[in-house]
Amino acid sequence: MFDAELKFVVSNSHEKAYVVNNHLHPFYEVVFYKTGSGTTTIGGKEYHFESNTFSLIEPNVIHNETAFGPVDLIYIGFVLLTGEIGVKNGVYQEKDFHILGDMEEIQREIKMKEPFFERLLNIDVERIIIRLERGTTRLGDEKTDSFQYVESFIKLN
């Protein structure tokens with residue numbers, strides 16, 4: 001299915017507004033905004049972020065970030081060795097994917113460094129990828145169900 005490798009995890013609390021200039025990197029990045037708000041431009045498209053949202057940035061995509069005030073965030077970078085993620089660049093609601101716990105678990109594993117922690121880090125990244133895929137599938141299924149309803153209605157009438 002998926003085979004991923006964690007490249008980094010960073011947790012940061014900004015006490016005031018900040019700007020991260022345009023940059024790119026050769027791996028996926030997930031930025032989870034625990035608190036705060038601002039904008040991020042990913043691949044030339046601007047998105048608004050707020051508490052309990054996250055951005056997904058695909059490899060080699062230019063992106064930046066501007067916060068309007070204090071922001072508490074956690075972000076990870078990873079490479080996908082096999083498989084492909086259906087979720088594309090953008091900002092998403094945590095309630096649709098439930099990835100924060102997995103990101104915090106990655107932080108705990110790095111801090112504790114218990115036996116086999118490196119493998120568990122990659123498993124946690126794979127869990128995040130699966131949650132992203134589940135969220136995408138669920139949204140797609142809802143659209144299909146609506147279409148099937150309309151199609152059935154037309155056939156009946």
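Within helix H1, the residues Leu 100, Asp 102, Met 103, Ile 106 and Glu 109 are buried, where buried means under 20% relative accessible area, exposed over 50% and partly exposed in between, with a 1.4 Å probe and protein chains only. The model is a predicted one, in which local features need pLDDT of at least 70, side-chain atom pairs count only at pLDDT 80 or more, and totals for chains, interfaces and linings use all residues. Residues are numbered from 1 along each chain as its sequence is written, and side-chain values use heavy atoms, with hydrogens and water left out.

H1 covers residues 100–112, and its 13 residues should span 18 Å at 1.5 Å a residue; the end C-alpha atoms are 19 Å apart, which agrees. The expected span is 1.5 Å times one less than the number of residues. Helices (H or I, at least four residues) and strands (E, at least two) are DSSP runs, numbered from the N terminus. Just after H1, Lys 113 has a positive phi of about 50°.

Helix H2 (residues 117–156) contains Leu 120. Leu 120 counts as partly exposed because its relative accessibility is 35%. From C-alpha to C-alpha, Leu 120 lies 7.6 Å from Glu 109, and the two are 11 residues apart in sequence.

The strands bring us to the largest pocket. Its lining takes at least two residues from each of strands E1 (3–14), E2 (18–23), E3 (28–35), E6 (53–57), E7 (63–67) and E8 (71–82).
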